[in-house]
Amino acid sequence: KPWYGESIKVVDTGEEIYTDLIWKEKKIILFLSENCESYQKVKETEFTCYCLNETFDIDEFISNIA
């Protein structure tokens, strides 16, 4: 199950980023469109990130969180 409104710390910058939905054990984060700025900061980390503001493969996303 995902966690809602959790934060993560980006190791490279030390910045704390708030997520919308995060599957911690799978290292997957889903950002809502309103939180696209945070998505840009986290997408280069070890987490697999998705943002509703960008096009992504929904089948891949569902497979990754299942």
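In which sense do strand β5 and β6 pair, and over how many bridges?

1. Strand β5 (residues 28-31) pairs with β6 in the parallel sense, over four bridges. Strands here are DSSP E runs of at least two residues, helices are H or I runs of at least four, and both are numbered from the N terminus. Two strands count as paired if DSSP finds at least two bridges between them.

2. This is a predicted model: local features need pLDDT of at least 70, side-chain atom pairs count only at pLDDT 80 or more, and totals for chains, interfaces and linings use all residues. Residues are numbered from 1 along each chain as its sequence is written, and side-chain values use heavy atoms, leaving out hydrogens and water.

3. The sheet is open, with four strands in the order β1-β4-β5-β6 and mixed pairing. β1 (3-4) and β6 (48-51) stand at the edges with a single partner strand each, so one side of each has no neighbour in the sheet.

4. The largest nonpolar core has twelve residues, including Ile8, Ile29, Cys36, Tyr39 and Phe47. A nonpolar core is a set of buried (under 20% relative accessible area, 1.4 Å probe, protein chains only) Ala, Val, Leu, Ile, Met, Phe, Trp, Tyr and Cys residues joined through side-chain atoms within 4.5 Å. β5, α1 (36-42) and β6 each supply at least two residues of this core; the largest share, three residues, comes from α1.

5. Apart from this core lies another, of five residues, among them Trp23, Ile28, Leu30 and Tyr50.

How values were computed
Buried < 20%, exposed > 50% of the residue type's maximum accessible area, 1.4 Å probe, protein only.
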